[in-house]
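Subject: Structure handover

Hello,

Here is the structure I promised to pass on. Please open it before you read the notes below.

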There are 2 protein chains.
Amino acid sequence: MKESVGISPFMYPCPVVAVGTYNAEGKPNLMTVAWTGVVNGNPASISISVRKETYSYKNLMEKKAFTVNIPSRQYIKEIDFIGKTSGRNTDKFKETGLTAVRSKIVDAPYIEEFPVTIECSVLKAEDLGLHTIFIGRIMDVKVCSDCLDEAHMPVTEKISPIAFIPGDGSYYVLGERLEPGKDK
Amino acid sequence: MKESVGISPFMYPCPVVAVGTYNAEGKPNLMTVAWTGVVNGNPASISISVRKETYSYKNLMEKKAFTVNIPSRQYIKEIDFIGKTSGRNTDKFKETGLTAVRSKIVDAPYIEEFPVTIECSVLKAEDLGLHTIFIGRIMDVKVCSDCLDEAHMPVTEKISPIAFIPGDGSYYVLGERLEPGKDK
């Protein structure tokens with residue numbers, strides 16, 4: 001038996017990522033986003049949804065570029081901090097000690113320390129209400145050398161990504177890998 | 001040091017859900033979707049991205065409604081099967097033994113057995129290339145009674161959702177819960 005729990009933005013699980021942008025003066029900023037995901041296979045694209053009031057919104061509209069930086073579990077404090085502060089009054093790179101690297105492909109900074117970076121060019125922005133959805137065409141994906149196997153493929157267990165649950169704002173690591181052919 | 005792994009749709013992790021739709025004759029269908037996520041807080045909305053060639057695409061365009069059904073780990077076989085078959089030649093409810101329930105809120109069926117159902121009305125559909133993104137306004141969220149706590153809030157450990165990794169098509173359960181204030 002199912003019961004209504006009312007209307008709110010549920011999904012199990014969400015990713016949780018740090019979005020990197022530059023402001024008009026080229027100062028790098030970071031924003032934590034869980035309203036993100038793949039939206040298209042070709043051209044390969046992801047979306048991020050951002051409130052108009054945020055500092056990053058203006059950067060996104062001006063630069064039409066962003067990076068998505070996927071944290072490993074060791075950066076749980078940093079991703080939580082980046083989500084609870086604003087670039088208006090906080091230099092998030094300085095406060096976290098994370099290193100901003102200028103992308104050679106899009107006009108946005110990425111985080112050196114996080115294991116995966118997706119560099120995106122904004123294809124379109126659409127106002128949905130509280131949030132604006134930015135569709136970002138993937139221009140490149142970069143992965144830390146330590147997280148690649150011998151075939152140059154990313155290894156999920158080495159990336160050790162974090163899952164986010166919107167309902168109670170909790171974070172989880174990934175657990176056991178399921179084998180559909182075996183597991184029940 | 002980061003290395004390029006080329007352009008493809010990466011995200012760590014994605015959700016993986018079964019989307020329920022009716023065809024013109026009212027026959028229920030299911031489709032597995034990992035290109036999904038929250039896109040707006042108000043009106044609370046999620047997106048699903050679907051290829052035009054799929055059976056569900058036609059249903060979505062005609063009915064302008066869908067449900068998102070979140071599997072628990074015990075349904076890994078079913079979610080994998082639903083993703084590898086087409087409603088054109090397979091009755092996925094019959095083959096999996098899952099129960100189709102007619103939503104009272106939107107013109108779409110949901111899965112009785114999966115722990116969470118999100119009932120959605122299509123606000124807009126936009127062709128992005130290979131995939132079309134459907135923005136669904138959340139009309140209700142339903143959770144199995146067994147997965148609610150005494151305050152009527154969903155309990156993630158009881159829902160036991162599945163995470164999907166696009167790079168290698170692998171599935172994971174959630175593991176340890178992280179506490180940003182404590183964990184490092």
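This is a predicted model: local features need pLDDT of at least 70, side-chain atom pairs count only at pLDDT 80 or more; totals for chains, interfaces and linings use all residues.

Residues are numbered from 1 along each chain as its sequence is written, while chains are lettered from A and ligands numbered from 1 in the order in which they are written.

Chain A overall

Chain A has four helices and 13 strands. Both are DSSP runs numbered from the N terminus: helices are H or I with at least four residues, strands are E with at least two. The radius of gyration of chain A is 17 Å, close to the 16 Å of the globule rule for 184 residues, so chain A is as compact as a globular protein of that length. That radius is taken over C-alpha atoms, and the rule is 2.2 Å times the number of residues to the power 0.38. Buried residues make up 51% of chain A. Buried means 20 or more other C-beta atoms within 10 Å of the residue's own, with C-beta atoms placed from the backbone.

The core

The largest nonpolar core has 108 residues. Such a core is a set of buried Ala, Val, Leu, Ile, Met, Phe, Trp, Tyr and Cys residues joined through C-beta atoms within 7 Å. A:Val19, A:Val68, B:Val19 and B:Val68 touch the most other members. Beyond its neighbours within four places in sequence, A:Val68 contacts residues including A:Val17, A:Ile46 and A:Cys120. Contact means C-beta atoms, placed from the backbone, within 7 Å.

Between the chains

75 residues of chain A are in contact with 75 residues of chain B. On the chain A side, 43 are nonpolar, 21 polar and eleven charged. Strand 11 (residues 131-144) of chain A pairs antiparallel with strand 1 (residues 2-4) of chain B over three bridges. Pairing takes at least two DSSP bridges. A:Lys142 stands opposite B:Ser4 there.

Inside chain B

Helix 1 (residues 55-63) of chain B buries B:Ser56, B:Asn59 and B:Leu60. They fall within an arc of 100 degrees seen down the axis, so they line one face of the helix. Five of the six residues in strand 5 (residues 36-41) of chain B are buried. Strand 5 of chain B runs antiparallel to strand 6 of chain B, joined by five bridges. A hairpin links the two through two residues. B:Val38 has B:Ile46 as its bridge partner.

Best wishes

Terms used:
A residue is buried if 20 or more other C-beta atoms lie within 10 Å of its own, exposed if 12 or fewer, and partly exposed in between; C-beta atoms are placed from the backbone. Two residues are in contact if their C-beta atoms, placed from the backbone, lie within 7 Å. Ala, Val, Leu, Ile, Met, Phe, Trp, Tyr, Cys and Pro count as nonpolar, Asp, Glu, Lys and Arg as charged, and the others, Gly among them, as polar. The arc is that of the directions from the helix axis to the C-beta atoms.
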